[in-house]
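Dear colleague,

Please find the structure below, handed over for your use.

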Amino acid sequence: MKNKDSLFFSSLFLSRLADQIILFMVPLVVFQLTGSSALSGLAFFIETLPRFLAFPIAGVLCDILLPYSIVSVSQKVRSMIVPFGLLGFYCIESVYWLMAIAALVGIATSFALMAREMILVQNFKHSRFEKVLSYSSLADQLGMVLGPVLASVLLLFLNWQQSLTLCVFLFLLSDVSLGYWWRVGCMSFSEKTQSLPNELTVWRISPWYHFFSQQLKQGLGQILVLPQLIPVILMAFCINLILGLTLASMAPIYTGLFAQSESSYALLQTLAVILSIIILMWIAKFPLNLYGMGSLAFIAICIGALMTALSQDYLIYLCGFLLIIGFDKMFSISLRSLRKRLIPIENLGKSTGLLILLNNIAQPLAGLIIALLAGSYLIQDILLYTTLFVCLFGILLGSYLVICLKPKG
């Protein structure tokens with residue numbers, strides 16, 4: 001990595017840190033204020049669903065607009081959402097203001113993440129892409145490590161409203177770092193800007209909904225002509241279903257069923273992300289086969305899910321959680337590298353936006369499942385049944401990949 005690249009990753013880290021504080025606090029505060037597992041699951045559903053629904057639109061915009069501008073606007077918008085949401089809470093006290101803050105911040109975050117993905121593809125060609133993704137994920141994971149820790153420390157001395165206010169300054173600082181990277185870096189968007197006039201002309205002369213529908217159809221068509229991606233997308237959906245159920249249920253299970261403290265709750269997430277960092281550093285240093293990397297991550301996550309579903313002790317739950325979160329990024333890198341290798345650059349934004357939606361829609365669905373079924377079933381039973389289904393489905397998809405997509409010769 002070049003020295004100037006550290007500014008880009010610093011901006012990513014600060015943005016993720018603020019985003020993670022919000023993600024950490026909202027389900028926890030909702031559970032503390034209401035004592036309801038169902039509302040905690042609903043909060044997770046509301047804060048995650050808009051994030052993933054925004055990705056296809058974000059992908060289309062990234063194909064026609066400057067990615068840097070999209071990220072910068074996203075940072076500024078998020079810095080305004082939090083204070084307006086807190087003001088609403090002071091006027092009408094309701095946990096739905098928290099959910100609204102998380103949902104709106106999530107939408108703006110999706111546009112920034114999609115734009116950063118395009119920046120990585122277009123402007124970091126001097127290094128192996130898996131290595132670039134590893135450094136990007138390391139910055140992301142460091143934010144995830146320190147986010148729960150910082151949130152937990154803040155809650156010891158401040159109320160949750162004051163703690164969320166810190167996110168405003170983090171978003172603004174992230175934008176400053178990004179702007180400085182843009183000014184000092186020798187970024188080249190010549191290929192992108194050459195195609196902008198034609199795309200923007202089509203946008204101006206066509207209704208916006210017609211334009212976006214046409215772009216999304218092109219992206220979907222690009223995905224369907226790549227048979228290697230279809231089974232991987234389905235496996236990613238299964239992985240994110242497990243991940244979503246785990247994240248949506250961890251507060252009720254860990255602080256409720258196992259009666260662990262808030263600091264222990266934060267430590268659980270911190271340990272998992274530390275394991276992720278170790279795995280990402282390994283990927284950055286040693287090249288791995290993409291399909292082998294994905295298979296290893298899938299197996300580790302399924303084992304971790306079974307441990308969390310069957311655990312009767314918080315230590316066993318902790319070990320299972322470590323496997324799920326630790327190997328999730330390995331699976332993500334294998335998928336991101338595969339789509340970058342297969343999808344043409346001119347369709348990468350719109351296709352990637354759809355892929356992210358298809359892969360991750362399982363996470364908000366998981367929150368909805370917890371919200372709907374928590375009153376009728378034990379949460380761990382829901383985890384167990386889902387994991388058994390995912391394991392069986394994963395075996396079938398893996399067999400398809402080996403038998404039908406095996407390279408000839």
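Of the 409 residues in the protein, 58% are buried, where buried means under 20% relative accessible area, exposed over 50% and partly exposed in between (1.4 Å probe, protein chains only). The protein has 16 helices and zero strands; helices (H or I, at least four residues) and strands (E, at least two) are DSSP runs, numbered from the N terminus.

This is a predicted model, in which local features need pLDDT of at least 70 and side-chain atom pairs count only at pLDDT 80 or more, while totals for chains, interfaces and linings use all residues. Residues are numbered from 1 along each chain as its sequence is written, and side-chain values use heavy atoms, with hydrogens and water left out.

Confidence

The mean pLDDT (the predictor's confidence in each residue, from 0 to 100) of the protein is 77, and 85% of its residues reach 70 or more. Where pLDDT is low, the predicted coordinates should not be read in detail.

Among contacts between residues at least 6 apart in sequence, 85% join residues at least 24 apart.

Axes here are lines fitted to C-alpha atoms, for helices over the stretch in contact, and angles run from 0 to 180 degrees between N-to-C directions. Angles under 35 degrees count as roughly parallel, over 145 as roughly antiparallel, 65 to 115 as roughly perpendicular and the rest as oblique. A crossing is left-handed if the near helix is turned anticlockwise from the far one by less than a right angle, and right-handed if clockwise. For residue classes, Ala, Val, Leu, Ile, Met, Phe, Trp, Tyr, Cys and Pro count as nonpolar, Asp, Glu, Lys and Arg as charged, and the others, Gly among them, as polar.

Helix 12 (residues 290-310) and helix 13 (residues 314-342) have axes that come within 7 Å and cross at roughly 155°; the two are therefore roughly antiparallel. Their crossing is left-handed, and the contact has 22 nonpolar, six polar and two charged residues.

Helix 10 (residues 229-257) packs against helix 12 at about 30°, with the axes 10 Å apart, which makes the pair roughly parallel. This crossing is left-handed. Met 235, Ile 239 and Ile 242 of helix 10 make the contact with Phe 298, Ile 301 and Ala 305 of helix 12, giving six nonpolar, no polar and no charged residues.

Helix 10 also packs against helix 13, at about 150° and with axes 10 Å apart; these helices are therefore roughly antiparallel. Their crossing is left-handed. Residues of helix 10 including Met 235, Ile 239 and Ile 242 meet residues of helix 13, among them Asp 328 and Arg 339. By class, this contact has 21 nonpolar, one polar and two charged residues.

Two individual residues

Ser 163 lies in helix 7 (residues 160-184) and is buried, with a relative accessible area of 0%. Apart from neighbours within four places in sequence, Ser 163 contacts Met 25, Leu 154, Leu 155 and Leu 158.

Leu 156, in helix 6 (residues 129-157), counts as exposed at 63% relative accessibility.

Terms used
Contact = heavy atoms within 4.5 Å.
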